[in-house]
Amino acid sequence: MSHQSPPVETGAQLIAHSLRSLDVRIIFGIVGIPVIEVAEACLALGIKFVSFRNEQAASYAASAYGYLTGRPGVCLVVGGPGVLHAMAGVGNSMANATYPLLLLAGSAETSAGPTKGAFQQLDAVSLLAPHTKFAVRPPSLEGLPQAIWDAYRLAFYGRPGVGFVDLPADYIQGVPREVVRIQRVGEQPRVPGDERRVTAVAEALKGAERPLVVIGKGAAYARAEGVLREFIDAAKIPFLPTPQGKGVLPDDHPLNTSSARSAALAGADVVLLVGARLNWILHFGEPPKWSAGVRIAQIDISPEELDHGTADPTLSIHGDIASVIAQLKTQLSNYHHVSSSWSNALSTSAAKNLAIARVKASTPTNPLTYHRTFALIKSTLESLSPGGAENLVYVSEGANTMDISRSIFTVSQPRQRLDAGTYATMGVGLGYAIAAEMAYNYTHEAVPSTPSIRKRIISLEGDSALGFSLPEIETMSRYRLPIIIFVMNNGGVYHGISDNTPTWGADWWDGDKEGKRRDVLLTSTALGFETGYDVVARGLGGRGWRVVDEEGLVEAVREAWDHRDGPSVVNVIAASGVGEKLEFGWLGKEKGGGSKL
């Protein structure tokens, strides 16, 4: 549908035209005085505006859209409290380093001064400058286009992060003396690695007895999947994806060591870290999770990410991942790794862990457990999906929900699994799901061409995690987004207390058992007993199912799949994990502790 451009008569229209020049197709946010005029000007140019119920969720959505598309997602909010709420997305974007975000926020008139107490007055530039890559208030209304161009460019050039532009009310409502035109920002230049460093890494891999490639979400963001697969297939080096590095190479690839994660990390002697950081997700590269003598080579687009912790500074390569891997592939053209002892050790560990996982996934349970629930959801969804798993995009948040689901819901394509990420941010789930729906099925910017089959977005939520963004179900309903949400409802944070375990005892409940616990006895992790998230979903315009057994779960999945006119919420009453080890084992310091998969 074509849109005739209205003349640029106001600052709001100048902002809208600038965004269209950048090829922005969608904006996430919440409007109010004065930015409603900006949103309406964008709509007049054919830019879709998705209005959320909370700026946190809107900022999370915009940042995830940036990850999925490779260009900054745009978030528009009001000043003052709108900016404060959106700071959640700012922190999440900066910490994840692959979630570029352009944040635009209204503010008081420039004539108000810093101390007048104007409507929603906040010195947002001073607040955000330490927490973004770039924060600016243009010196004049006419300077808006250049400021927006700079912030947009800096948000995804180099290390991705946040660009912020402050929009005073008098700029938005004013009449520009001249209209400055800007051009679309070109793709980030491909930076090859220093050949001497590339040679050093190649030699280290050749000399390794137990090499390993760790693939992070930076590789997914860099669209390096093609060259990485060629490299792994040729060199025959085992690889381990991080949670959001899954799918860069298919999960069912024979060299994937996800099922032997602990053994791979502890046994490797030379590791190539591709678009990942030695943070808590990878146990900082330190013993006992890693071998004391391991040599860790690192590839990253951001030089400040190199040489941290136990990474070998002589093997650090600054450059674009796809370019550097192509260089390594050339250097190793006559090499492929052969090590029966290393392969056997990984295969033995994987077989042991997979056997345990298969038992958990295949054993009928009552009440429902995480492993069994996810196995049933996975098999049912894949049987319903044209093309199977390839057309399913998963979002997950919540400790057990996220940790267990990543080993059960396999993916074959990059950027088809999103989770709480580096910052371990709870509340991202529904915003991410909306972003995925828009990136895959509306603008199609997450895929190289318009797909013939709609991808279904599946959100796997812990009950605590869902509470952070629950009203966004209404957002999904308003825009008729067919997102399917599964809530693992165990009545609490982490283990939960959903099934009235003996730890509590029957006398600890009020007689009616309708969610009325005696508050003096509640632990800090307690949530409402069997909260009716399905009822809430129906009240917010979606559909909802409450399931307590396997037959009901499978039927709910099928009915949710058939519902295409808005969101579906499947409220799974799950067993608590009281008395069991927490599955979310990333922070475990004991050798062998935590999740093995």
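Helices (H or I, at least four residues) and strands (E, at least two) are DSSP runs, numbered from the N terminus. This is a predicted model, in which local features need pLDDT of at least 70 and side-chain atom pairs count only at pLDDT 80 or more, while totals for chains, interfaces and linings use all residues. Residues are numbered from 1 along each chain as its sequence is written, and side-chain values use heavy atoms, with hydrogens and water left out.

View 1. An unreviewed UniProt entry places "domain: Thiamine pyrophosphate enzyme central" at residues 199–328. In that span, 31% is helix and 21% strand, and the end C-alpha atoms lie 8 Å apart. From the unreviewed entry also comes "domain: Thiamine pyrophosphate enzyme N-terminal TPP-binding", covering residues 10–126. Residues 10–126 are 46% helix and 17% strand, with 27 Å between the end C-alpha atoms. UniProt positions are given in the numbering used here, feature names are shortened, and annotations may be inferred rather than shown by experiment.

**View 2. The pair of tyrosine 99 and tyrosine 432.** The structure holds nine aromatic pairs (rings of Phe, Tyr and Trp, the last by its six-membered ring, with centres within 6.5 Å; planes under 30 degrees apart are stacked, over 60 edge-to-face, the rest tilted). The rings of tyrosine 99 and tyrosine 432 are tilted, because their planes are at 35°, with centres 5.8 Å apart. Tyrosine 99 lies in the loop between α4 (81–96) and β4 (101–107) and tyrosine 432 in helix α16 (residues 429–441), so the pair ties together parts that are 333 residues apart in sequence. Tyrosine 99 is buried, at 0% relative accessibility (buried means under 20% relative accessible area, exposed over 50%, partly exposed in between; 1.4 Å probe, protein chains only). Tyrosine 432 is also buried, with a relative accessible area of 0%.

**View 3. Further aromatic rings.** Phenylalanine 156 and tyrosine 157 pair edge-to-face, at 5.1 Å centre to centre and 85° between the planes. Both residues, phenylalanine 156 and tyrosine 157, are buried. Tyr370, Phe374, Tyr394 and Phe409 make up one aromatic cluster.

**View 4. Charges over rings.** A charge sits over a ring if NZ of Lys or CZ of Arg is within 6 Å of the ring centre and within 35 degrees of the ring normal. Lysine 48 lies over the face of tyrosine 442, 5.0 Å from the ring centre. Over the ring of tryptophan 561 sits the charged end of arginine 456, at 4.7 Å from its centre.
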